[in-house]
Amino acid sequence: MTGEPTAPRVIDEEVGKREAELIAARRNNLAALREHGIDPFGATRFDVSAHAADLAKRYAGLANQEHAQAETHAIAGRLMASRGQGKVIFADVDDVTGRFQLYLKKDELGAAFDAFKELDRGDFIGARGFVFRSKMGELTLHVTSFEVLGKALAPLPDKWHGLTDVELRYRQRYVDLAVNPHVREVFIARSKIVAEMRRFIDERGFFECETPVLLHIAGGAAARPFFTRSNALGDIPLTLRIATELNLKRLIVGGLERVYEIGRIFRNEGIDTTHNP
């Protein structure tokens, strides 16, 4: 056939070429860090004393340009931005609770200051120092030392537009979590909801049980199951469960009066992105 559009392929090639260039640049920065005597993958432990939200709450009353030098803190997270101003660098680090600003001075850090310039957005770092509020009014950690905890060799999505491709978001949830803080909040909320459900049910005398996931016959509901086989049991056919009901009832028959299970159900049918389990 002739006359088929070729623009998407050209765009894909350009994106791939650009990404390859970014990865090559990050590998060069990795080599530069090693020349500074830093192994980005060699850290075995970094003790965190506080998270971003903890520091924000603790020093909420700090006035502009006021320093809290008496207390030293250690935070760790993903480097999300870095702004150099001569012999000074401001950077933003994300942890599970939010974002916190770092302040680094060449006069204080020496060669480590130059090594920090080799870091890329997405790298993991740990920083120690004291908190102060900048003249712009932002709580900031005055860094006295830092460690590189991990080097990101693949670039994160554009920092201004984030990750907007819906299919890519669901195929690579780790990237979605890294660049979209509101998605992280959904995961945390779900964990808390499940924990509260479990606490509520336990307090009423129920026992949490685990029932089989692999069954000879899927029952307890009307749905299409997934089929598999067990090599260890003589290559017998099995299905993944579509409900926990029947086996929970068998536990009641056995004498456990109150039982429940917060378990995975596998139904080989409708799928969409609007149901958060």
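A nonpolar core is taken here as a set of buried Ala, Val, Leu, Ile, Met, Phe, Trp, Tyr and Cys residues joined through side-chain atoms within 4.5 Å, where buried means under 20% relative accessible area, exposed over 50% and partly exposed in between (1.4 Å probe, protein chains only). The model is predicted: local features need pLDDT of at least 70, side-chain atom pairs count only at pLDDT 80 or more, and totals for chains, interfaces and linings use all residues. Residues are numbered from 1 along each chain as its sequence is written, and side-chain values use heavy atoms, with hydrogens and water left out.

The largest nonpolar core contains 28 residues, of which Phe-100, Leu-102, Leu-104, Phe-116 and Val-131 touch the most other members. Elements that each supply at least two residues of this core include α2 (52-58), β1 (67-85) and β4 (124-133); helices (H or I, at least four residues) and strands (E, at least two) are DSSP runs, numbered from the N terminus. Strand β5 provides the largest share, five residues. Beyond its neighbours within four places in sequence, Val-131 is in contact (heavy atoms within 4.5 Å) with residues including Leu-55, Phe-100 and Leu-141.

Salt bridges, defined by a side-chain nitrogen of Lys or Arg within 4 Å of a carboxyl oxygen of Asp or Glu, number 18. Arg-45 pairs with Asp-47 at a closest N and O separation of 2.7 Å; Arg-45 is exposed at 64% relative accessibility, and Asp-47 is partly exposed at 47%. In helix α8 (residues 245-253), Glu-245 and Lys-249 lie four residues apart, about one turn of the helix, and form a salt bridge. Glu-196, Arg-199, Glu-203 and Arg-204 are linked in a salt-bridge network.
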